[in-house]
Amino acid sequence: VPTELLIGAIKAIVILVLVLMLTGSLLWFERKGAALIQDRIGANRAAVFGLGRRLGLPNLGLVNTLLADPLKLFTKEDFVPDGADHFVHGLAPFLALFPVLIAFAVVPIGDVLRIGSHLVDLQAAPLNLGGLYVLAVLGLGVYGIALGGWASNNRWALLGGIRASAQMVSYEIAMSLAFLSVVVTYGTLDLQSICRMQGGVWFGWLPRWGILVQPIGFLLLLISGMAESKRVPFDLPESESELVAGYFTEYSGGKQAVFMMTDFAEVVLVAVLVTLFFFGGWQIPWLYRDGFHFPGPHGAFLRLPALLVSIIQIIAFWIKVVFFCCFQILVRWTLPRLRYDQLMRFGWKGLVPIGIANLIGTALVVAATGAKP
Amino acid sequence: MMPLWLFAFLAALAVFSALGVVLQQNPVHCLLSLALTLVDMGVLFIGLRAETVGFLQTIIYVGAIMVLFLFVIWLLNLQADAPSTGRLAFKFLCMIGAAAIAAELFLFFFGVGVTAPRIATPVEYGSIESLAHLLFTDYLIAFEVTSLLLLAAIAGAIGLARRTILSPSQAVQNSRLEQ
């Protein structure tokens, strides 16, 4: 049992560290990407003893965004406004970040890894009801945002908090409907099994990825996921032109950084969910446990050692995740913000009916054919 | 199954946070305590192998209903309670009533002795498959009737909340009438 415990702890730490690293690098990507899209230079000042310039390298702002700014944020004065609820004000950022981070516990980042005689399932918590778990912890994320706005004793912040909670509760419904369609399609709530079922091919060459079975579910999950992470075009809770900064107006320093991290962690989570449900998770087309089986009349076969296959799969998973993170950042700097009534109408009159129709359609097809893809 | 110490800890936490709901003054703090209680109950359910119920409890009660409570607190602008100004005699009667109920429970549990029979739970107990199987066979009618009832409640709520939207000319007429 102690070995099992140790393996579990290592898996949990590795996944958490990977997610936090990705979250950090997204910060850099967002700032430099925004500069690129808006034809600006972006962060390029800070450097460590001018090392990069001496070596003749361009300053990509890595020191700025990954070192200088976090350092600045965490050493700044932690300001709590007069009349604020100190306890809730301090609790809120962590109440927002914590659920997003623990959601990654059920995410499978690879197939079974064989180390010596040990078979390690590359999933921190192999849970039968992993899907329900993700929905449950996502539902808890509302509190941090809403209470952060409330505890600040500031009307802009309160308005931001109210907007955030209404928005998140509304889009959770569309998200759950997309989720349920996937669950009905695969007949399981276990994320690892959903991934495994996306292995193999149709017609000898087409990978069995979820996007081909659930294209509408994919769009629903991506859009409602982006709305859940409260970023442009859905960033009404913090819309800086009306509400100063919305729910985190009265936050400074480290606590504000935690709110910012929550945003990016949510972006990663949405990318992870989309990858798992619709793009095969860690699956690579034509790669099986013994190596590549290329399609074609002669069917070339490339044998690979099991360990290498596992590593390739883990890397493939993260490449897909990074792709969808970048996609979300691209969307952020491309689309204008919705108006609040447009946001609500889009959610309740657009996504929810489509989600229900998709779910009923999926259920009918599954019931009629009894088929699992 | 979870170990006894974990159960004891979670149960104590549930009692503690439930007390927080009653004893705290600020309604938002009460709500936080209630949310904590419900999450804790969810974890207890999961630890007792009723995983589906545990997760559903968290999704529905903590993720949705408690948020609605928060909205109600905000919309009604509930402030921290001033110490209640009830009559002393009334308080006294309430205390006697509460003490009586506590004594009755105490007598019941310790007098009769709770010897719950150990039931060997089947392997699939609490799984979503067994739950779904029961819902769609033995309890199908109750399940469907409940969903109809909820649907009727939603329709009724919308009917009550809906305001008649006036056309611009009607609105002008109304304002003239009021003048």
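Guide: A salt bridge is a side-chain nitrogen of Lys or Arg within 4 Å of a carboxyl oxygen of Asp or Glu. Keep that cut-off in mind. The model is predicted.

Start with Asp78(A) and Lys255(A). Their side chains meet in a salt bridge, at 3.4 Å from N to O. The pair links distant parts of the chain, 177 residues apart. Asp78(A) sits in the loop between α3 (62-75) and α4 (86-103) of chain A. Lys255(A) belongs to helix α11 (residues 253-278) of chain A. How exposed is each partner? Asp78(A) has 43% relative accessibility, so it counts as partly exposed. Lys255(A) has a relative accessible area of 11%, so it is buried.

Now take Glu30(A). It forms a salt bridge with Arg332(A). The closest N and O atoms are 2.6 Å apart. This pair also links distant parts of the chain. Glu30(A) lies in helix α1 (residues 2-37) of chain A, and Arg332(A) in helix α12 (residues 306-332) of chain A. They are 302 residues apart. Glu30(A) is at 7% relative accessibility, which means it is buried. Arg332(A) has a relative accessible area of 21% and is partly exposed. The cut-off matters here: buried means under 20%.

Next come Asp341(A) and Arg339(A). Their side chains meet in a salt bridge of 2.9 Å, N to O. Asp341(A) is partly exposed, with a relative accessible area of 34%. Go back to Glu30(A) for a moment. Salt bridges that share partners join Glu30(A), Arg231(A) and Arg332(A) into one network. How many salt bridges does the structure hold over all chains? The total is 8.

Asp190(A) is buried yet has no salt bridge. Where is it found? Asp190(A) is in the loop between α6 (155-186) and α7 (191-197) of chain A. The nearest side chain of opposite charge is Arg196(A), 6.0 Å away. What does Asp190(A) touch instead? Leaving aside neighbours within four places in sequence, Asp190(A) is in contact with Gln123(A), Leu127(A) and Asn128(A).

One more stop is Pro126(A). Pro126(A) lies in the loop between β2 (118-123) and α5 (130-151) of chain A.

Notes
Residues numbered from 1 in each chain as written. Chains lettered and ligands numbered in written order. Predicted model: local features only at pLDDT ≥ 70, side-chain atom pairs only at ≥ 80, totals over all residues. Heavy atoms only, no water. Helix = DSSP H or I, 4+ residues; strand = E, 2+ residues; numbered from the N terminus. Buried < 20%, exposed > 50% of the residue type's maximum accessible area, 1.4 Å probe, protein only. Lys, Arg positive; Asp, Glu negative; His and termini not counted. Contact = heavy atoms within 4.5 Å.
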